[in-house]
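Student: I'd like to learn how to read sheets, domains and chain contacts from a model. Can we go through one together?

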Amino acid sequence: MNARLRPVVVGLLAVALVLVLGGCGAAVTKRVDPALTLEPVAFRTEVNHWPQTGNNDLDFMEVYDPWEPMNRHIYDFNAGLDTYVLLPAVGVYKTVLPAPARKGVTNVINNLNELPVLVNCILQGKVRKGAVTTSRFFINSTFGLLGIMDVASGAPHLQRQNEDVGQTLGFWGVGNGPYFVMPGFGPSNLRDTVGFGGDTLLLYLEMVQVYRLAGVRNTWHTTIAEMTVRTINRRANVPFRYHQTGSPFEYEMVRYIYTKKRELDIQR
Amino acid sequence: MSPSAAVLFAAALFAAALCAATPVAADYRYPYTDPYQATVYGTPPDQIYRPANPVEPKLRAIRIEGRKVPDIFSYSADMYYSTALQKGEAPLIFLIAGTGAEHNAIKMGFLTQVFHDAGFHVVALSSPTHMNFVISASRHGAPGYVPHDVDDLYRVMLWIKEVVEAERPVSGYSVAGYSLGALHAAFLAHRDSETGDFGFRKVLMINPPVSLYHSVKRLDSWLTAENLGEVTVREQIESLITRFSHYYRDADITDLDDNFLYEMVTRVNMDDVDLRSLIGVDFRLSASSMIFASDVCLQAGYVVPPDEYPLTKGKPLMDYAEAVFDISFENYMDEFLLPYLQYLDPSMDRYTMMRQSSLYDIRSYLMETDKIMLIGNTDDVILNDNDLAFIRSVFGDRAKLYPTGGHCGNMMYAPFVEAMLAMVKP
């Protein structure tokens with residue numbers, strides 16, 4: 001086969017596999033019933049509870065979101081991406097790779113992520129968290145066979161820490177900025193989106209060294225493969241499903257929970 | 001009598017009274033004796049019943065062609081349900097979710113596993129009060145009136161019967177539900193006894209209300225001064241969020257799994273007032289989703305002013321979320337549901353609506369049939385003494401009541417699950 005075409009063919013095969021094994025959501029049965037078409041009715045309630053300004057029980061849930069109409073469309077786009085690409089890919093991943101192997105993949109990725117976490121611990125002057133992260137990295141890289149096993153988590157005081165550039169910026173007083181739904185990645189805000197760029201850069205610098213140590217020549221293909229595995233692994237480990245809160249206000253809930261969680265993460 | 005002897009005597013009396021009230025197997029040691037704790041905490045992870053062979057349920061959908069689904073709900077245009085089928089011939093059991101719950105909610109997923117493991121084809125359905133059901137499958141678009149909701153369920157179940165029978169041999173039908181779904185199950189059995197479409201072999205009611213409206217009034221009351229006293233709803237919710245936030249902030253953990261959530265909920269300090277308000281908030285959120293979905297489907301002008309239609313996908317909804325959160329279920333019933341039912345049928349009145357949504361309406365059927373079994377708890381927080389008396393007098397030996405467990409708190413507790421299975425096993 002033409003060497004140039006090979007990646008394309010492999011890619012197409014992968015997509016076909018996703019479509020065959022993963023399917024696209026639910027198996028749909030169609031029904032026709034003229035009584036069930038939800039035709040407009042003339043009924044109007046006499047009493048109403050239209051929105052009023054001030055004195056609301058839920059106003060603590062409000063988040064600064066000046067780009068909301070755009071964000072809501074991106075949220076919608078992400079939901080579609082999730083249903084038709086990411087979740088089917090996760091389905092194939094789970095079919096092809098047994099659970100213990102997937103656990104190993106998660107562990108290796110988490111172990112590689114310890115270094116950016118460590119950098120952020122240092123940037124915030126968090127000695128204990130930095131020490132825990134350093135110990136974890138050395139223990140798991142050696143006894144954990146290059147991170148395949150997470151032996152460190154067996155110790156109560158060596159739990160994985162969560163720090164990133166967004167939290168570092170927050171720690172030094174940078175505010176959230178406007179809420180922002182990142183295309184493909186989900187809830188964020190201006191500060192955390194900048195932070196995401198910073199973390200990606202740290203990981204890139206780390207991986208260049210890892211590839212050099214491992215003697216990988218074709219770093220471009222390896223990087224693509226790594227990104228793909230990281231994306232699928234990340235999705236496989238997040239139980240969230242779009243439109244499964246059973247609430248028409250899911251966007252508002254996710255926005256509030258994200259913002260609250262980040263606020264607490266910065267304090268941690 | 002010495003003080004210590006008096007204490008012993010009192011303890012013996014107390015124990016005797018407990019035994020007399022609760023003829024339950026000795027192996028029933030559900031840990032929470034406070035019904036509100038039971039309802040909120042559920043079953044500790046290490047005491048949950050574990051089916052031997054877990055199954056991955058299949059997601060399915062029904063699409064009613066030509067249905068005018070509002071644009072902002074286009075993601076909910078299909079009615080979703082899940083199935084877990086056996087490989088060969090088997091009896092089929094329909095599961096009906098509780099108020100506001102989806103076909104794959106935690107309790108539903110659990111029941112799906114349990115009944116599949118026991119040899120049933122399982123079909124799990126969302127509650128007609130879940131927004132997806134309202135938007136995609138409800139005929140009148142306003143849930144809470146049981147006869148309409150049961151019509152909708154029955155129609156959908158007939159369709160699903162065709163789907164499953166085209167794939168696997170089915171040796172008979174049963175139906176089970178928890179909470180409001182249990183009340184629906186009883187009405188489905190009654191309907192089936194008239195039409196004979198399914199010929200239900202067994203019907204299992206798990207923690208049913210006796211009267212939908214009496215139970216929701218209780219739940220409503222937990223967000224009023226009756227429960228909260230001087231504290232406002234807003235202050236109460238903020239106080240709860242602060243407590244949970246502090247627990248999370250101080251916990252040295254990154255992966256938030258079910259065990260973490262269980263530990264958080266059980267370790268955060270909450271008294272009965274807090275627990276009741278938490279149940280009340282949860283119920284209010286379910287009701288909010290349902291009411292908003294109905295209002296938009298019918299454009300009834302209840303929450304969304306008529307001149308704000310059409311709602312587009314980019315439209316911020318926070319103002320509506322805040323407005324609809326302040327509506328109690330009873331408000332909805334009096335201000336929306338009853339007038340709407342009267343619009344559909346001018347002879348409808350409040351008493352009829354309430355009666356037709358309670359087990360009193362099918363009392364004689366429930367007394368004479370022997371296929372309906374009931375399992376629940378005497379300390380269920382949605383039942384009062386009259387409801388318990390009704391259950392005992394109508395179901396007699398067919399009701400198995402545990403002394404503790406609150407509302408569905410012990411539903412995953414192994415002895416409860418085993419009793420449940422024994423009641424419907426072929």
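Student: Which residue is the bridge partner of Thr83(B) in β4(B)?

Tutor: Val123(B) is the bridge partner of Thr83(B). Before we go on: this is a predicted model, where local features need pLDDT of at least 70 and side-chain atom pairs count only at pLDDT 80 or more, while totals for chains, interfaces and linings use all residues. Residues are numbered from 1 along each chain as its sequence is written, and chains are lettered from A and ligands numbered from 1 in the order in which they are written.

Student: How do β2 and β4 of chain B run, parallel or antiparallel?

Tutor: The general idea is that strands of a sheet pair through backbone hydrogen bonds, either parallel or antiparallel. Here β2 (residues 79–84) and β4 (residues 121–125) of chain B run antiparallel, joined by 4 bridges. Strands are DSSP runs of E with at least two residues, helices are runs of H or I with at least four, and both are numbered from the N terminus. To call two strands paired, DSSP must find at least two bridges between them.

Student: What is the strand order of the sheet?

Tutor: Read it as β1(A)-β1(B)-β2(B)-β4(B)-β3(B)-β5(B)-β6(B)-β7(B)-β8(B), an open sheet of 9 strands with mixed pairing. At the edges sit β1 (27–31) of chain A and β8 (399–402) of chain B, each pairing on one side only.

Student: And where do the two chains join in that sheet?

Tutor: Look at β1(A) and β1(B), which pair in the parallel sense over 5 bridges. There, Ala27(A) stands opposite Arg60(B).

Student: How many residues touch across the two chains?

Tutor: 63 residues of chain B are in contact with 51 residues of chain A, where contact means C-beta atoms, placed from the backbone, within 7 Å. On the chain B side, α12(B) gives the largest share, with 8 residues. That side divides into 35 nonpolar, 11 polar and 17 charged residues. Asp, Glu, Lys and Arg count as charged, Ala, Val, Leu, Ile, Met, Phe, Trp, Tyr, Cys and Pro as nonpolar, and the others, Gly among them, as polar.

Student: What about the domains of chain B?

Tutor: Domain bounds come from an automatic or database domain assignment. For chain B, it gives domain 1 (35–214 + 353–424) and domain 2 (218–344). Their C-alpha centres lie 23 Å apart, and 25 residues of domain 1 are in contact with 33 of domain 2. On the domain 1 side, α2(B) gives the most, with 5 residues.
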